[in-house]
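Colleague: Could you walk me through reading this structure? Keep it brisk.

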Amino acid sequence: MEPYKKHESIAALMNRSNVDTDQIIPKQFLKRVERSGFGVHLFHDWRFNDDGSDNAEFELNKPAFKGAKILVAGDNFGCGSSREHAPWAIADYGFNTIISTSYADIFYNNCFKNGILAIKVDKEQLDKLMAEIAANEGVRFVVDLENQQVTTPGGNGFSFEIDPFRKSNLLSGLDDIGLTLKHVDKITKYEQQHKKDYPWLWA
Amino acid sequence: MQALEYAMKKTMYEKIWDSHLVVDETGQAPLLYVDRHLMHEVTSPQAFEGLRLSGRKVRNPHSILATMDHCVPTKNRDLPIADPIAKKQIETMAENCRENGLNLYDMKNPNNGVIHVVVPEHGFVHPGMVVVCGDSHTATHGAFGALAFGIGTSEVEHVMATQTLPQKKSKTMQVVVNGKLSKYASAKDIALAITGKIGTAGGTGYVIEYTGSAIRELSMEGRMTLCNMAIEAGARAGLVAPDEKTYDYLKGREFAPSAQHWDQALAYWKTLPSDKGALFDATVTLDAADIAPQVSWGTSPEQVVGVDGCVPAPESFTDEIKRQACENALAYMGLTPNTKITDIAIDLVFIGSCTNGRIEDFRIAAEMAKGTQVAQGVTAIAVPGSYHVKQQAEDEGLDKIFIDAGWEWRDPGCSMCLAMNGDELTKGQRSASTSNRNFEGRQGKGGRTHLVSPAMAAAAAAAGHFVDIRNL
């Protein structure tokens, strides 16, 4: 995983609530056995017309949002399936930051496993950010994870909360499994006790 | 003093959590032990690849049960899979399981079926376990009083390598359903009514425990349907306390405790239900008698109404986000405000999925289908959740009832629940579906899904539109 660095980037606006994983990456694209290559299918059914051409109405197809790394979206982003193909598609498309009021649990976990910073803000803050982008499409925000700060040219900057464990993993790009395996002795000890207490699970 | 007493009383979730904590140190997410790991072909290949690349091994192969369900055809199984990418995914699954010595019920295995239908059939999940799967509907197994939740593929890899998962402790929500369900209202209707009441984000951050007399009345199949849709209300998991029904269901199944350990297991299971007076972070109450058979009208499982209701008008929502969501949903669904639900005509009926693909579901649907004919222009497909469900239904003669009524009787799989295997709606087609999600495009691009119970789906197949089955 790439370490997450402070960056300035275009913030794209997706003013919709309950964006679900079936929209983020429709099921017909879940058959690949690789982790890569999902970005071209991100939001497929909204993004493309039936003939395969770009749907000009779809917000992410706006030229002003081209190259955006930050996605500002409505409530309960990523609800539905557990498919990690959703954050894979988001990251592969080029986003590394999402700002919303809330996320579905599994999706939220999946983001951090893939180098995506999912920032939670309150409704009032989200409305300000959305208004700033709507008034000035192509506006660039600065995201500073180290200091937990977002700044915007319109003065709608804010600081955000994040779990310290998630923060340090994002900043270092560290592998979760390696961290857990530092506790392998404790896992083994737990298993030995578990076999004594619940022998039917191991029969 | 009273506060201390309360503090000592634990919910079932807290009991399972505490007994599975391997590491709980400050500055690190608590590490939870995983007893059972369920697998299917869609969310596992990249996890196996990761394991291979890092030179790690599956720590506990016997904790894993795998099946193929998402991509498998539900007819002409003996022919090669036409879609080369799906074929590769199926072959990759078989190869990964072979290489790692995992128990796989492949497409041709008589135990094959939808993972969340197969696993209970074999008694693989018991009360008090922690169960994970790269699938949000893992919540199903909460019906047994197990903490069961969906995970992403990175976490699938993590569990394979370490048998643990870093987890954040959830809040607890008690959903109390007392009273008696009306005739033909079912666990599915309770699940939809709850989602309608609290919304798809209402349970975010919570584990739900379903309690109350109406929940006790449900069969194990019904409890599975209910817990299955905990995720549709945003919850991490759903739980039902184990009782005699749970123990009777498990006894004698392949992976249930053997006679040698049964009494010991049973004694443990009986300690699991939430202590009387244990505190929940939130409580929601419903009266079962108020729950009419539900029909979803929109593109989110919270957009539901009783069958005797009407499609709402956007203006009826005071919340601006909900108003906008209603407007978008009606445009996508091709519905006009204030249309009576019973006036909505359908093109296709699907009975099946991990929500409603069990024997009880086909029994009630067959009762409705018996002596009827599928309405002109309507296609109706019955897809058993597993080969065992299929066999059981055939032993009871249910397949004949469906076939005589003009239904298609298929082989098991996820099928039209998420339409990955070629079973799908075409643009503008409208379904009555016993599955769990009515998202845009879920059953095919431009397809319009109405979520209902098996009885409602079967009645709609015969009528060509929704009917209030309470009046039949």
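**Sheet and helices of chain B**

Modeller: Gln174(B) stands opposite Thr283(B) in β12(B). This is a predicted model, so local features need pLDDT of at least 70, side-chain atom pairs count only at pLDDT 80 or more, and totals for chains, interfaces and linings use all residues. Residues are numbered from 1 along each chain as its sequence is written, while chains are lettered from A and ligands numbered from 1 in the order in which they are written.

Colleague: How many bridges join β9(B) to β12(B)?

Modeller: Strands of a sheet pair through backbone hydrogen bonds, either parallel or antiparallel. Strands are DSSP runs (E, at least two residues), helices are H or I runs of at least four, and both are numbered from the N terminus. Two strands pair if DSSP finds at least two bridges between them. Here six bridges join β9 (residues 171-178) of chain B to β12(B), and the two run parallel.

Colleague: What is the strand order of the open sheet?

Modeller: β11-β10-β9-β12 in chain B, four strands with parallel pairing. β11 (237-239) and β12 (282-287) of chain B are at the edges with a single partner strand each, so one side of each lacks a neighbour in the sheet. Neighbouring strands are turned by 20° against each other on average, direction ignored.

Colleague: Which strands does helix α2 of chain B touch?

Modeller: Contact means C-beta atoms, placed from the backbone, within 7 Å. Axes are lines fitted to C-alpha atoms, for helices over the stretch in contact; angles run from 0 to 180 degrees between N-to-C directions. Helix α2 (residues 12-19) of chain B touches β9, β10 (206-211) and β11 of chain B, and its direction makes about 130° with that of β10(B). α7(B) lies across β9 and β12 of chain B, at about 125° to β12(B).

Colleague: At what angle do α7(B) and α9(B) pack?

Modeller: Under 35 degrees counts as roughly parallel, over 145 as roughly antiparallel, 65 to 115 as roughly perpendicular, the rest as oblique. α7 (residues 187-198) and α9 (residues 220-228) of chain B pack at about 20°, axes 8 Å apart. They are therefore roughly parallel to each other.

Colleague: And α3(B) with α6(B): what angle there?

Modeller: About 50° between α3 (residues 45-53) and α6 (residues 153-162) of chain B, with axes 8 Å apart. That makes α3(B) oblique to α6(B).

Colleague: Which residues of α3(B) meet α6(B)?

Modeller: Gln46(B), Ala47(B), Gly50(B) and Leu51(B). Their partners in α6(B) include Val156(B) and Met160(B).

Note on methods
Two residues are in contact if their C-beta atoms, placed from the backbone, lie within 7 Å.
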